[in-house]
Amino acid sequence: MDKKSGNILVLGIGNDILKDDGIGPKLVKDLQKETFPEGICFKTSSMGGLEILEMIRDYNTVLILDAIKTKEGMPGDVYYFNPSDFHETMHLSNLHDVNFITAIELAKKIKLSIPENIHIIAVEIVEDLEFGRSLSPELEEKYPEILEHVHDHLYSKLFPAAG
Amino acid sequence: MKTITIDPITRLEGHGKIEIFLNDEGEVDNVYFQVPELRGFEKFCEGRPVEELPSIVTKICGVCPGCHHMASGKAVDAVFGVDPSPTAKKLRELFYMAHFVHSHIAHFYALAAPDFVVGPTASPAERNILGVINKVGIEIGTEVIKQRRLAQEIQALLGGHQTHVVMNIPGGVKKGLTEEERDDIVKKAEGFIEFSKFSMKLFKDVVLGNKDYVDLILNGPYSLKLHSMGLVDKNNKVNFYDGSVRVVDTDGKQLYRYTPKDYMDYVEERVEPWTYLKFPYLKKLGWKGFVDGQESGVYQATPLSRLNASDGMATPIAQQEYDYMFSTLGGKPVHATLAMHWARLVELIYSAEHCYELATDPDITGKELRAPIEKIVGEGVGIVEAQRGTLTHHYWTDDKGMVRKVNLIVGTTNNHAAICMSLKKAAQGLIKKGIPATEGTLNMIEMAFRAYDPCFSCATHSLPGQMRMVVNFYNSKGELIRSIGR
């Protein structure tokens with residue numbers, strides 16, 4: 001398949017019935033309500049590893065939104081990675097699969113068409129071990145700020161001319 | 001804005017832990033395996049219409065959503081006391097074979113092959129799917145990605161979505177198959193058969209062709225004499241979607257053969273204070289602790305157990321490979337944990353062949369997709385074989401079909417006790433006094449764990465990382481003396 005020239009994918013990863021774990025898909029749903037220049041596509045997934053490879057192939061640019069839990073992080077902290085400084089977020093790896101970096105290297109090795117630009121945004125979360133559709137109160141409070149951060153990043157990095 | 005680099009071992013939360021306790025002689029005394037717990041699924045389901053559950057359960061696991069969808073669909077059928085039409089059952093099974101094809105390919109090439117093709121003590125930088133491809137060729141890597149994608153296309157076509165499947169409704173399926181769609185699946189299934197045969201040949205060349213590997217499988221610290229569980233059809237052949245649960249003892253003699261609705265008469269779950277994940281065991285034999293042998297209540301539900309518990313495979317090439325495997329390994333049952341990889345490839349061939357059989361079945365394009373719903377029984381059990389073990393969904397509803405209670409026994413949970421025992425046995429066999437445990441040692445302990453293709457994302461929760469595992473060593477006073485992370 002030919003590369004979708006100019007196409008941008010914003011991919012929210014997480015489980016939307018596992019409280020804060022669903023921060024990525026929730027951000028995507030809210031971003032979708034806004035008006036963006038043409039050529040942008042929004043998707044959500046709860047998968048990692050090779051599954052992600054299938055979702056991002058043939059796009060020029062991908063922005064991945066995921067959750068992360070670190071020992072020192074504060075709820076709502078937003079981290080920006082690219083593959084060179086990235087290790088692992090919650091869903092970009094998988095016990096049954098390969099991690100994201102390996103998947104990208106595999107794609108390059110077999111000459112699969114993958115995005116030239118990969119941006120990863122991870123949001124520090126609190127609760128991802130309990131089923132529920134709502135965010136934790138700590139993350140809910142920070143949510144408007146997080147959405148704004150992500151929105152600004154989208155414009156500054158993906159649509160610099162429009163921003 | 002900040003850019004940071006995270007060391008997954010020292011800074012990320014939520015890893016699995018293997019705790020190894022040494023005795024005064026510096027040898028392994030005991031091993032505990034722990035993973036984070038997932039809470040509240042039952043509460044989340046309570047009060048919802050039961051017919052919503054097949055779609056909801058696809059979200060409790062990012063690895064085997066199709067398995068939960070199938071078990072749930074069958075449990076919901078039972079709640080409504082309805083038997084789907086032959087076409088509906090075959091469409092579900094066709095979806096399920098594609099699910100097995102893509103999952104078993106992933107396990108073999110991404111998780112099993114690195115240990116054998118690259119080597120069990122090779123550098124972790126090379127011991128991965130990239131290392132496998134470096135050894136066997138780029139074209140094989142291309143085929144792995146291609147065949148998985150084609151299997152997922154079948155799942156997306158039949159299931160409405162490859163992951164969040166919306167196929168099953170009470171009494172049947174939402175959507176049928178056109179002749180054109182069927183023809184496309186037939187072509188894909190032909191490719192699956194060829195690729196699964198190739199994968200088996202690769203296993204034979206690389207593993208069986210290497211005396212050290214055969215010795216590791218048969219004589220390494222990886223064998224447990226446990227009872228075997230698996231779903232079988234009316235001829236006692238392996239079946240992933242439907243049938244009776246059969247359990248054979250450590251000598252291969254049938255212990256039980258029961259219908260799914262009776263599972264609570266045969267399986268009970270034990271709680272241990274050091275982990276949230278339960279330990280299912282055979283109720284009639286009772287819990288005798290983490291011990292193997294004929295008297296133990298511990299069982300395995302794995303690809304190898306399924307083959308042990310059956311009288312054969314229902315498709316011709318898989319049957320040949322079944323016979324060859326057991327004859328090579330000294331007859332049934334086989335208790336070598338690492339032989340699970342071989343059994344998984346026999347199952348891959350079966351899945352591919354059965355995918356073809358179903359796609360060429362005249363019923364598959366039938367128009368009768370749903371049986372009418374006429375009553376609410378109020379309770380239902382659905383059992384399928386997930387890739388990593390027997391999967392049970394049990395629902396109770398009120399007289400309006402609203403969920404009152406849910407019980408799940410997921411594939412990996414069946415094997416929880418066996419996994420702990422396998423880890424202990426491997427650790428005891430590989431860690432010796434005065435010999436420091438290396439990364440290679442850790443990997444060889446993990447091989448005992450990895451053979452089960454464990455998935456804790458529904459047993460507990462998705463670990464935030466690829467095998468992020470910390471191994472802690474404690475001395476006989478219980479003091480932490482060493483920690484290896486990866």
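**Figure 1. Helices H4(B) and H11(B) are roughly antiparallel to each other.** Angles over 145 degrees count as roughly antiparallel, and the axes of H4(B) and H11(B) cross at roughly 150°, therefore the pair falls in that class. The model shown here and in the other views is predicted. The two helix axes come within 8 Å, and the crossing is left-handed. On the H4(B) side the contact includes B:Leu94, B:Met97, B:Phe100, B:Val101 and B:Phe108. On the H11(B) side, B:Leu345, B:Leu348, B:Ala352, B:Cys355 and B:Leu358 are among the residues taking part. Charged residues also occur in the contact, among them B:Lys90 and B:Glu93 of H4(B) and B:Arg344 and B:Glu347 of H11(B). Sorted by class, the contact has 14 nonpolar, five polar and four charged residues.

**Figure 2. Domain 2 of chain B touches domain 3 of chain B.** Domain 2 consists of residues 83-222 and 336-371, and domain 3 of residues 224-335. Their C-alpha centres are 22 Å apart. Domain 2 gives 20 residues to the contact and domain 3 gives 19. On the domain 2 side, helices H4 (86-118), H7 (179-208) and H11 (340-359) of chain B each supply at least two residues. H11(B) has the largest share of that side, with 11 residues. The domain 2 side is made up of 11 nonpolar, two polar and seven charged residues.

**Figure 3. Four strands of chain B form an open sheet with mixed pairing.** The strand order is E7-E6-E5-E10. E7 (254-258) and E10 (299-300) stand at the edges with a single partner strand each, so one side of each has no neighbour in the sheet. E6 (residues 244-248) pairs with E7(B) in the antiparallel sense, over four bridges. Within this pairing, B:Arg246 has B:Arg257 of E7(B) as its bridge partner.

**Figure 4. Three strands of chain B form an open sheet with antiparallel pairing.** The order is E11-E12-E13. The edge strands are E11 (379-386) and E13 (403-409), and each pairs on one side only. From one strand to the next, the twist averages 15°. E11(B) is joined to E12 (residues 389-397) by eight bridges. B:Val381 stands opposite B:His394 in E12(B).

**Figure 5. Helix H3 of chain B lies across strands E11 and E12 of chain B.** H3 covers residues 65-79 and runs at about 155° to E11(B).

Technical notes:
Residues numbered from 1 in each chain as written. Chains lettered and ligands numbered in written order. Predicted model: local features only at pLDDT ≥ 70, side-chain atom pairs only at ≥ 80, totals over all residues. Domains from an automatic or database assignment. Contact = placed C-beta atoms within 7 Å. Axes fitted to C-alpha atoms, helices over the stretch in contact; angles between N-to-C directions. Parallel < 35°, antiparallel > 145°, perpendicular 65-115°, else oblique. Left-handed = near helix turned anticlockwise from the far one by under 90°. Pairing = 2+ DSSP bridges.
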